[in-house]
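Subject: Handing over a structure

Dear colleague,

I am passing on the structure below, and I would be grateful if you would look through it before reading my notes.

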Amino acid sequence: MTSSKNQVTKQELICGIDEAGRGPVLGPMVVCGVCFNKSKLNFLSKIGVKDSKKLSKKQRSELAKLIKNNCENYKVIIVDAQEIDAREQKRITLNRLEENKMAEIINELQPDVVYIDAADVNEERFKKSILEKLSYSPKKIISKHKADDLFPIVSASSIIAKDLRDNIIEDLKKKYGDFGSGYPSDIRSIEYLREWIKEKKSVPHFARETWETTKKIIREELSNTKITDFIN
């Protein structure tokens, strides 16, 4: 999903990239890149952009609209549970999957400077891996841990990603019932997943089968059943 104002500009285009939903057992991961002209970056500080985790759901929703309405362009990629699970068959790590999606966003938006929230413990390795996947050479790529807390442009991408994931989760809840946040640390989410597996002898399509959380519940609830007999 891409949105652009299609404005031709010679100004330096700055992009921030981040994800939301990397760790949950339920729901998708959303990766977002958002671009502003360098001269307009101060707009983000003026509207109170900061790490999405430090904002309420309502604040994220309001800021996401402002960011999308005022940016040069942005792109979001929704990575569903099936695609996250499929990475194991392709023998790629979650980091590599995230790198692929971030590179796809950069290639489409073509920014001059890119700020990335590094998923790898090694910031430079994460940067180099993404660079290898690009179809052009940006002036600079800055890969940092906690970039969403350091750079407003990354905070902006984090807000859009988290807001979209929030909306997807709410839609899933309306259809399948309240399963909480979807994170392994959420007791409601774990109880929901356990009951689903116990009653339906299957895993919900929005659950990550390759997560140890899911595998553990399967072992505990269906110890006498072959996993391949019931997994979708």
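The notes below take the pocket, the core and the cysteines in turn.

Please keep in mind that this is a predicted model, in which local features need pLDDT of at least 70 and side-chain atom pairs count only at pLDDT 80 or more, while totals for chains, interfaces and linings use all residues. Residues are numbered from 1 along each chain as its sequence is written, and side-chain values use heavy atoms, with hydrogens and water left out.

The largest pocket holds about 320 Å³ of space. A pocket here is an open set of points on a 1 Å grid over the protein atoms alone, where a 1.4 Å probe fits, with protein on both sides within 12 Å along at least five of seven lines, and lining residues have an atom within 4 Å of a point; the volume is the space filled by probe spheres set on the points, which are joined across faces, edges and corners. The lining has 19 residues, and Glu 19, Ala 20, Lys 53, Asp 117 and Asp 148 lie nearest the centre of the pocket. Strand S2 (13-20), helix H6 (147-150) and helix H7 (152-176) are the elements that give two or more residues to this lining, and S2 has the largest share, with 3 residues (helices, H or I of at least four residues, and strands, E of at least two, are DSSP runs numbered from the N terminus). By class, the lining has 4 nonpolar, 4 polar and 11 charged residues, where Ala, Val, Leu, Ile, Met, Phe, Trp, Tyr, Cys and Pro count as nonpolar, Asp, Glu, Lys and Arg as charged, and the others, Gly among them, as polar.

Asp 148 lies in helix H6 and counts as buried, at 5% relative accessibility (buried means under 20% relative accessible area, exposed over 50%, and partly exposed in between, with a 1.4 Å probe and protein chains only).

The largest nonpolar core has 67 residues, and Ile 17, Leu 26 and Val 34 are among those with the most contacts inside it; such a core is a set of buried Ala, Val, Leu, Ile, Met, Phe, Trp, Tyr and Cys residues joined through side-chain atoms within 4.5 Å. H7 gives the most to this core, with 10 residues.

Finally, a search of the whole structure finds 0 disulfides, a disulfide being a pair of cysteine sulfur atoms within 2.5 Å. The sulfur of Cys 71 is too far for a bond, because the closest cysteine sulfur, in Cys 35, is 7.7 Å away.

With best wishes
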